[in-house]
Amino acid sequence: MSDENTPARPATARAWLREHSELGVCVLLLVLGVLVLTDALTMSVDITQRGPVGPRTVPVAVGIGLLAVAVLLAVDVLRGGRGEAEAGEDVDLDEPADRRTVALLTGVFLAFAVLIGPLGFPISGALLFWGSAYALGSRHLDRDPLIAAGLSLMTYFVFDNLLGVPLPGGPLMGVL
């Protein structure tokens with residue numbers, strides 16, 4: 001005898017998993033947290049350690065945060081919590097995904113990964129920024145490459161000179 005106000009329980013494991021699909025996000029967060037913590041705790045820091053706060057501090061805090069969010073989200077989902085649908089988004093959920101845009105972005109990121117070594121960050125970063133803008137629908141072929149080059153050079157300068165994170169300069173190494 002079931003009350004009309006209580007929801008019916010899913011009959012199969014597949015239906016139960018479909019009803020609790022947010023647990024997939026919990027698993028992803030858990031795996032990322034373990035990966036970040038493992039990497040942080042196994043890194044060699046003897047040379048760079050200069051005080052109580054070293055290079056492990058932020059990755060350990062992020063890893064612990066990921067694990068905590070994974071556990072809290074799993075508890076909420078198992079207690080019946082559900083994510084709300086995006087009411088403010090102008091997205092038709094009945095339409096299929098835009099595979100062309102996803103393929104273009106994937107190609108741009110793969111090209112960046114391949115080209116950063118031989119061309120350096122300034123050139124490959126400019127291609128990344130311009131290619132991403134093109135894949136996402138911008139068709140200003142006169143303006144976009146200039147903005148992409150400016151963003152790439154600014155990013156290179158900030159990381160390489162201000163933050164001290166060396167990025168490959170490629171053929172522009174002597175110029176920059």
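Which residues does threonine 101 touch, not counting residues up to four places away in sequence? Threonine 101 touches Ala135 and Leu136, where contact means heavy atoms within 4.5 Å. The structure is a predicted model, in which local features need pLDDT of at least 70, side-chain atom pairs count only at pLDDT 80 or more, and totals for chains, interfaces and linings use all residues. Residues are numbered from 1 along each chain as its sequence is written, and side-chain values use heavy atoms, with hydrogens and water left out.

The protein chain has five helices and zero strands. Both kinds of element are DSSP runs numbered from the N terminus (helices: H or I, at least four residues; strands: E, at least two). Along the sequence the pattern reads α-α-α-α-α. The protein chain holds 176 residues, and 20% of them count as buried. Buried means under 20% relative accessible area, exposed means over 50%, and partly exposed lies in between (1.4 Å probe, protein chains only). Among contacts between residues at least 6 apart in sequence, 56% join residues at least 24 apart.

Helix α2 spans residues 23-42 and helix α3 spans residues 57-78. Their axes come within 8 Å and cross at roughly 160°. Axes are lines fitted to C-alpha atoms, for helices over the stretch in contact, and angles run from 0 to 180 degrees between N-to-C directions. The crossing angle makes α2 roughly antiparallel to α3. Angles under 35 degrees count as roughly parallel, over 145 as roughly antiparallel, 65 to 115 as roughly perpendicular, and the rest as oblique. The crossing of α2 past α3 is left-handed. That term applies if the near helix is turned anticlockwise from the far one by less than a right angle, and right-handed applies if clockwise.

On the α2 side, the contact residues include Leu23, Val25, Cys26, Leu29 and Leu30. On the α3 side, they include Pro59, Val60, Gly63, Ile64 and Ala70. The residues of this contact divide into 22 nonpolar, two polar and no charged. Here Ala, Val, Leu, Ile, Met, Phe, Trp, Tyr, Cys and Pro count as nonpolar, Asp, Glu, Lys and Arg as charged, and the others, Gly among them, as polar. Valine 25 is in helix α2. At a relative accessible area of 42%, valine 25 is partly exposed. Valine 25 and alanine 70 are 45 residues apart in sequence, yet their C-alpha atoms are 7.7 Å apart in space.

Helix α4 (residues 99-135) packs on helix α5 (residues 144-162) at an angle of about 135°. Their axes are 8 Å apart. The two helices are therefore oblique to each other. α4 passes α5 in a right-handed crossing. Phe121, Pro122, Gly125, Ala126, Phe129 and Trp130 form the α4 side of the contact. Their partners in α5 include Asp144, Pro145, Ala148 and Tyr156. The residues of the contact between α4 and α5 divide into 11 nonpolar, three polar and one charged.

Two further residues of α4 were examined. Threonine 101 lies in this helix and counts as buried at 17% relative accessibility. A polar contact of 2.5 Å joins its side chain to that of aspartate 98. Such a contact is a pair of N or O atoms within 3.5 Å; within protein, one must be able to donate a hydrogen and the other to accept it, and residues adjacent in sequence count only if both atoms are side-chain atoms. Serine 132 is also found in helix α4. Serine 132 is buried, with a relative accessible area of 15%. Leaving aside neighbours within four places in sequence, serine 132 is in contact with Leu105 and Val108.
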